[in-house]
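User: I'd like to learn how to read this model, feature by feature. Can we work through it together?

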Amino acid sequence: MNKNDYLKLLVEDMHSTTVATIGADGHPQTRTIDMMLWDEQGVYFLTAKGKAFYSQLMEQKYIALSATKDKKSVSLRGKVQNIGSEKLDEMFEKNPYMQEIYPGDTRSALKVFRLYEASGEYFDISDPSHVTRDSIIIGQPEAVVIGYFVGGACIGCKLCYSVCPQKCINISTTPVVIDQSRCLHCGRCGSICPKQAIEKRG
Ligand code: SF4
Ligand code: SF4
């Protein structure tokens, strides 16, 4: 699957997401926000100007979001921008329930935000013995590599493989190689490695 497949899944299939910002007390706050549109430039949602959420978006210009359905999940962290009323009518057209929540011209209380530069991941545990993960990039966020990686100090003892819950380490080569698309980031391999050959990044 590519970026567009993941954004389509997020907006058209999962739709309702949990969005986090930082509250005025300095602690994280979450609320459920529907993602209403997507295109090459990002993901779109809206909120009313009177809400604390709106003020936080304007001040912080950054969110983290997560959504899940059928044991598949999408998480994204990144920058948002207020694009005013642009796409508002299109959002109401594609999401007709909004016309009942904000009938007539009351939609003028709403502003549209675009998540335009973000990174995150897709995680699928629908087959628990063979989980799948992938990264998702919107725009050009600073590259952040996360996960566990085996370095040149590996002696091929295979201890890491013996404790890996997903058996996602290729032990046919030395250094051994972790399959990043299946790794749970549990850290068991790194803890047992006698050569401290496994580096945690991110
Ligand atoms: S436990 Fe460490 S040294 Fe042994 S195979 Fe795994 S990475 Fe290599
Ligand atoms: S972090 Fe966990 S799942 Fe990933 S390779 Fe190491 S032991 Fe396996």
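User: Which exposed residues does the face of helix 1 turned away from its buried side carry?

Analyst: This is a predicted model, so keep that in mind throughout. On that face of helix 1 sit the exposed residues N4, D5 and D13.

User: And which residues of helix 1 are buried?

Analyst: Start with the general idea. An α-helix has 3.6 residues a turn, so residues three or four places apart point the same way. Now the case here. Y6, L7, L10 and V11 are the buried residues of helix 1. They cover an arc of only 115° around the axis, so they lie on the same side of helix 1.

User: What do the buried residues of helix 1 pack against?

Analyst: Strands. Their partners are strand 3 (37-39), strand 4 (42-48), strand 5, strand 6, strand 7 and strand 8 (132-138).

User: What span should helix 1 have, and how far apart are its end C-alpha atoms?

Analyst: Count 1.5 Å a residue. Helix 1 (residues 3-14) has 12 residues and should therefore span 16 Å. Its end C-alpha atoms are 15 Å apart, which agrees. Just after helix 1, H15 takes a positive phi of about 65°.

User: Now the strands. How many bridges join strand 5 to strand 6, and do they run parallel or antiparallel?

Analyst: Look at bridge count and direction together. Strand 5 (residues 62-69) and strand 6 (residues 72-82) run antiparallel, joined by 8 bridges.

User: Which residue takes a positive phi in the hairpin of strand 5 and strand 6?

Analyst: D70, with phi near 50°. The hairpin has 2 residues between the strands.

User: How many bridges join strand 6 to strand 7?

Analyst: There are 11, and these two strands also run antiparallel. Strand 7 covers residues 110-124.

User: Next, the ligand. Which residues come nearest to ligand 1?

Analyst: Read the neighbours, then their classes. C154, C157, L159, C160 and C193 come nearest, out of 13 residues around ligand 1. By class, the shell holds 10 nonpolar, 1 polar and 2 charged residues.

User: Last, the whole protein. How many helices and strands are there?

Analyst: The protein has 6 helices and 12 strands. Its C-alpha trace spans about 70 × 35 × 25 Å along the principal axes. Of the 202 residues, 24% are buried. Among contacts between residues at least 6 apart in sequence, 62% join residues at least 24 apart.

Terms used: Residues are numbered from 1 along each chain as its sequence is written. Chains are lettered from A and ligands numbered from 1 in the order in which they are written. This is a predicted model: local features need pLDDT of at least 70, side-chain atom pairs count only at pLDDT 80 or more; totals for chains, interfaces and linings use all residues. Helices (H or I, at least four residues) and strands (E, at least two) are DSSP runs, numbered from the N terminus. A residue is buried if 20 or more other C-beta atoms lie within 10 Å of its own, exposed if 12 or fewer, and partly exposed in between; C-beta atoms are placed from the backbone. Two residues are in contact if their C-beta atoms, placed from the backbone, lie within 7 Å. Two strands pair if DSSP finds at least two bridges between them. A residue is near a molecule or strand if its C-beta atom, placed from the backbone, lies within 6 Å of it. Ala, Val, Leu, Ile, Met, Phe, Trp, Tyr, Cys and Pro count as nonpolar, Asp, Glu, Lys and Arg as charged, and the others, Gly among them, as polar. The expected span of a helix is 1.5 Å times one less than its number of residues. The arc is that of the directions from the helix axis to the C-beta atoms.
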